[in-house]
Every structure is written in structure tokens, then in C-alpha cells.
Amino acid sequence: MEIPYVAQTLFPLIWPLIAVVGALVRTRKSPSPQARLETWQRWWAVAALGCGSLWMVLAFLGAPGVMAETIGFAPSAFQFEIAFANLGLAVMGFRAASASATARERITVGLGAGMFLWGALIGHVYQWFANGDHAPGNTGGVLVCDLLFPAVLIVLAVRSKRLAAAKQPELV
């Protein structure tokens, strides 16, 4: 059974969609802006970065041939390395989702994830324009995810840090 191109290219967007829907449902009756922001950070970290990256681990280890075809590359041992890089991202995402994670820790997780994912984004765009690679795993939803997974986590954590600082009384 062949999965249509549009479905393949849009599939990665399921992870941010789950994060947004989950956060919207959980924040309907949040007691404060800080509580809402905490919920958004935790949902984004666990659903988008954590589960999205864990899915990539399972896909690259469990179906390397399918993943190579989806990206538009020949199968290679490099896919094993990509799987374990994504495992690192998943672990960082799950850690950032914990109740004890600080804004500074979440910013660091976002920056660490950004180094890998933004580099992957540049690689995907390069392959797209330089080699005409329009494979569903090289363009479309993966580009959005590579950009937004770390960026949204960083923005939310920075907002949280600023909101907490604004609530602190000034010492005279």
C-alpha cells in the first residue's frame, strides 16, 4: 500500500499538532499566565520534541529502508547515527517536560536541539534546491518541525523566565 505524497510530507506535523491541542485543552481553566505558560512548555517539550524525536528513533532503527526512500537518499549506516542523535533529542525533550525543569534548562535544551535540527533544516533545503530532492521526508512538514521544535521551546522558556522576573519584588 502506497501512502500518498501529501500524507507522507505532512505526517511530521502530527507532533506539534498534538502539543498545541494538548496545551489548549489543559490551559482552558489555568489559574494564571505562569501556569498556562508552564503547561505550554511541558506539552511542547514532551509531544513535539520528545515524542517527535522518539518517533524518528523508531523509524530510523525499525524501517531504515523506508526512511531512506522517504528522505530521498540511499540507505546508509549514517541512519543509525541519526536515530541515536534523535534519541538524545527525545531524552532532552522529556527532561524539559518535567515539573522541575527551569526556564534556563529549557532554553539550553532548545538551543541543543536547535544545533541539530536547524543544521538538518539547512541540509534539507540545500538538498531541495541543489539536487531537486522533493522527497516527502526532505521537504514539507519536516522543515516546519526542524525549525519550530527548538524555536518554540526557546521562546516559551524565555517568556517564562521574563514573567518570573517581573513577579520578583525589587530589593532596595
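Guide: By class, the lining of the largest pocket is made of 26 nonpolar, 13 polar and three charged residues. Here nonpolar covers Ala, Val, Leu, Ile, Met, Phe, Trp, Tyr, Cys and Pro, charged covers Asp, Glu, Lys and Arg, and polar is the others, Gly among them. Keep in mind that this is a predicted model, where local features need pLDDT of at least 70 and side-chain atom pairs count only at pLDDT 80 or more, while totals for chains, interfaces and linings use all residues. Numbering starts from 1 along each chain as its sequence is written, and side-chain values use heavy atoms, with hydrogens and water left out.

Now the space itself: the largest pocket holds about 1,200 Å³. Of its 42 lining residues, the closest to the centre are Met56, Met67, Thr70, Ile71 and Gly137. A pocket, on a 1 Å grid over the protein atoms alone, is an open set of points where a 1.4 Å probe fits, with protein on both sides within 12 Å along at least five of seven lines; lining residues have an atom within 4 Å of a point. The volume is the space filled by probe spheres set on the points, which are joined across faces, edges and corners.

The protein has seven helices and zero strands.

The UniProt record (an unreviewed entry) puts "transmembrane region" at residues 6-25, 46-66, 78-97, 109-129 and 141-158; such annotations may be inferred rather than shown by experiment. In the model, residues 46-66 are 95% helix and 0% strand, with end C-alpha atoms 25 Å apart. Residues 78-97 are also 95% helix and 0% strand, and their end C-alpha atoms lie 29 Å apart.

One more stop, on helix H7, is Ser160. Why does Ser160 count as buried? Because its relative accessibility is 7%, and buried means under 20% relative accessible area (1.4 Å probe, protein chains only). Beyond its neighbours within four places in sequence, Ser160 is in contact (heavy atoms within 4.5 Å) with Gln34, Leu37, Gln41 and Ala103. Across the protein, 40% of the 172 residues count as buried.

Technical notes
Helix = DSSP H or I, 4+ residues; strand = E, 2+ residues; numbered from the N terminus. Buried < 20%, exposed > 50% of the residue type's maximum accessible area, 1.4 Å probe, protein only.
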